[in-house]
Amino acid sequence: MPIYEQTYRHYEGKMRHGFRWLIVIEQELRVLVKAKPFLLLLLVAMIHCIVRLLQVVAFDVVIQDPNNPLTPLLNQIKGLMVSEQMFFDFLRLQTPVLFLITLYAGCGMICNDFNNNLMEIYFSKPIRWYDYVVGKVSSLVIVGLMLTAVPAIFLVVLHNLLVPSMKVFQETWTWPGEIIGFSLVIVLPMALSIPAASALLRSQNYAAIVIVMIPVAASAMATVLQGVLDNRNYLILSLPIAINRIGEQLFHGHVSFHLNWRWSMAHIVGVCVLCLWIIIHKVRKAELAT
Amino acid sequence: MSVIELRDVEVCYEDLKALNGVTCSIDGGTVGLLGPNGAGKSTLLKTLLGFNRATKGSVTVFGMDMPKNALKVRMQLGYMPERESVSPKVSAVSFITYCGRLFGMSRVDAMERTHEVLNYVGLGEARYRKMETYSTGMLQRVKLAQALVHDPKLLLLDEPTNGLDPQGRIELLELIKEVAGRRKVTIILSSHLLPDIQHVCDNVILIQGGVVALAGSIDELTAVVDRCFEVRIRDNKDGFLTGLAEAGFTWQDQQDGNLFVTAPDNTDPRTLFEIARARETQIRHFRPARHSLTEIFTQAAGKE
């Protein structure tokens with residue numbers, strides 16, 4: 001028999017109101033960083049960031065210095081230049097790893113809560129559907145931006161610090177905006193479509209398969225159509241290509257098809273809105289059964 | 001003011017009326033929500049939580065209309081769902097802390113409360129293990145802990161002893177009884193297990209086919225039945241029954257081997273002992289009969 005009273009005290013602290021979605025984000029990130037596969041994928045994504053960091057340092061420190069013995073050697077390597085195109089390539093090449101990370105983090109995000117009957121528990125607390133949805137989606141957006149916009153902006157700042165001149169600043173001051181814009185265009189469809197598949201299907205494996213198959217099928221169809229009809233504008237049907245088209249527009253790169261970029265944006269926004277509607281519809285149904 | 005007030009509440013799942021004009025009021029204490037499977041018990045609890053919207057009638061909890069004030073009500077309410085709920089990849093500590101934070105506690109407070117309630121429900125060192133490794137009993141304790149973490153005034157327990165072994169069941173029921181007795185928490189315990197209700201509750205509401213078939217305190221409902229006795233005799237049952245018939249008694253055989261004997265008007269119960277002595281047998285068990293919850297439940301269910 002315990003010598004103390006085995007009980008719990010009355011809670012006398014203050015309860016905070018509002019911003020419950022911040023707690024959902026915190027918990028999601030807390031769970032993710034404890035998962036080894038997630039950390040492994042994060043490491044892969046970081047390798048690319050480190051390579052780009054070395055590129056910026058090599059360009060700014062070595063190539064800009066005519067007396068450096070490595071300058072002639074590095075000058076021969078095309079694509080080493082720090083430019084808008086470099087940042088476009090960086091974000092583009094981050095996309096596959098980011099897709100895998102988001103897929104790992106997001107495909108079980110909602111369906112596992114349904115399968116494990118956690119919705120009843122969560123919604124018996126003073127949270128609303130929007131706290132839940134905003135929390136879940138934002139955690140994926142944060143992970144996405146941490147691997148795209150944040151390192152890219154860091155590289156722009158580093159570039160300015162290593163070559164401190166007005167000319168470089170005037171050249172680069174618009175880049176952070178372009179980087180954030182393109183990063184959001186990459187991250188948002190992923191952060192919405194993967195949880196949408198998770199909300200729609202009861203298994204995270206099926207959700208992952210569906211989310212991989214849909215873009216692959218759409219891209220294949222777009223490629224076939226553009227080949228058969230000899231019109232590159234049909235490439236817009238592929239979401240990855242539509243995203244790429246926005247990047248080309250933002251970073252003033254070579255455009256892959258000439259249809260106005262607004263159509264690509266409309267495609268992306270349409271997908272995001274549809275996915276958001278699916279998530280909200282499913283989650284609200286859990287919050288309010290009748 | 002009643003803790004819970006339901007007036008002519010109707011809840012529908014598409015064409016099916018799960019609650020069909022439920023009117024009842026709960027003033028506190030421990031209330032058992034009884035009824036067969038599909039009677040509407042869980043629907044009633046979910047209506048109190050604001051998960052279901054009443055198509056007709058009004059629901060007030062702590063004087064606040066539901067589901068309009070669902071968030072305010074949920075601040076003072078703990079809910080233990082019927083189905084197994086588990087967050088497999090996190091520990092009980094992490095899960096309960098998260099639940100505490102969803103109520104609005106600071107991280108430090110939530111962590112402190114988590115350990116208090118986990119101690120209280122008797123989850124030892126296992127609290128640091130991932131929940132996917134827990135037994136059913138441990139998961140039930142975690143479910144109870146998440147409902148208690150914010151120190152609620154009202155606790156809704158939906159089939160809390162589901163899947164538990166007899167020892168685990170007794171432990172959990174004792175814990176619930178303690179919460180009600182010492183913490184002065186109003187508890188609504190939904191179950192189709194009559195012994196669970198009888199063990200824990202002071203009052204009972206019987207739901208049958210979406211309506212309240214019966215409501216009242218268990219003591220009143222199971223009051224002593226006038227001129228009725230539970231009797232068990234040693235042997236010579238036929239002789240004893242003949243003696244009973246001659247003296248004007250009526251009887252019914254019970255499942256446990258006892259006789260449910262009804263004495264005629266103005267007959268002294270001692271007559272039973274005289275009959276036994278005359279028939280050369282002994283009465284081994286004798287007590288004034290009470291209605292059991294099982295009988296009440298069966299009768300009420302039969303009426304429906």
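**Backbone, core and helix packing**

Modeller: Start with Glu159(B), which is buried at a relative accessible area of 4%. Buried means under 20% relative accessible area, exposed over 50%, partly exposed in between, with a 1.4 Å probe and protein chains only.

Biologist: What kind of model is it, and how are things numbered?

Modeller: This is a predicted model, where local features need pLDDT of at least 70, side-chain atom pairs count only at pLDDT 80 or more, and totals for chains, interfaces and linings use all residues. Residues are numbered from 1 along each chain as its sequence is written, chains are lettered from A and ligands numbered from 1 in the order in which they are written, and side-chain values use heavy atoms, with hydrogens and water left out.

Biologist: Back to Glu159(B). What is its phi, and where does the residue lie?

Modeller: Phi of Glu159(B) is near 45°, positive in a residue other than glycine. Glu159(B) lies in the loop between strand E7 (154-158) and helix H6 (166-182) of chain B. Helices (H or I, at least four residues) and strands (E, at least two) are DSSP runs, numbered from the N terminus.

Biologist: And Phe62(B), buried or exposed?

Modeller: Phe62(B) is buried, at 16% relative accessibility. Its phi is near 50°, again a positive value in a residue other than glycine. Phe62(B) is in the loop between strand E4 (56-61) and E5 of chain B.

Biologist: Which residues does the cis peptide bond join?

Modeller: Met66(B) and Pro67(B), with omega about 0°. Pro67(B) is in the loop between strand E5 (64-66) and helix H2 (70-75) of chain B.

Biologist: New topic. Which residues touch the most other members of the largest nonpolar core?

Modeller: Phe87(A) and Phe95(B), in a core of 158 residues. Helix H10 (residues 175-200) of chain A gives the largest share, 11 residues. A nonpolar core is a set of buried Ala, Val, Leu, Ile, Met, Phe, Trp, Tyr and Cys residues joined through side-chain atoms within 4.5 Å.

Biologist: What does Phe95(B) touch?

Modeller: Leaving aside neighbours within four places in sequence, Phe95(B) contacts residues of chain A including Leu118(A), Ile121(A) and Tyr122(A). From chain B, its partners include Val90(B), Met131(B) and Gln146(B). Contact means heavy atoms within 4.5 Å.

Biologist: Now chain A. How many helices and strands?

Modeller: Chain A has 13 helices and 0 strands. Of its 290 residues, 47% count as buried. Its C-alpha trace spans about 80 × 60 × 30 Å along the principal axes.

Biologist: How do H7(A) and H13(A) pack?

Modeller: Helix H7 (residues 129-147) and helix H13 (residues 261-287) of chain A pack at about 135°, with axes 9 Å apart. Axes are lines fitted to C-alpha atoms, for helices over the stretch in contact, and angles run from 0 to 180 degrees between N-to-C directions. That angle makes H7(A) oblique to H13(A). Angles under 35 degrees count as roughly parallel, over 145 as roughly antiparallel, 65 to 115 as roughly perpendicular and the rest as oblique.

Biologist: And H4(A) with H12(A), at what angle?

Modeller: Roughly 160°, with the axes of helix H4 (residues 84-106) and helix H12 (residues 239-250) of chain A coming within 10 Å. So H4(A) is roughly antiparallel to H12(A). Glu84(A), Phe88(A) and Arg92(A) make the contact from H4(A), against Asn244(A), Gly247(A), Glu248(A) and Leu250(A) of H12(A).
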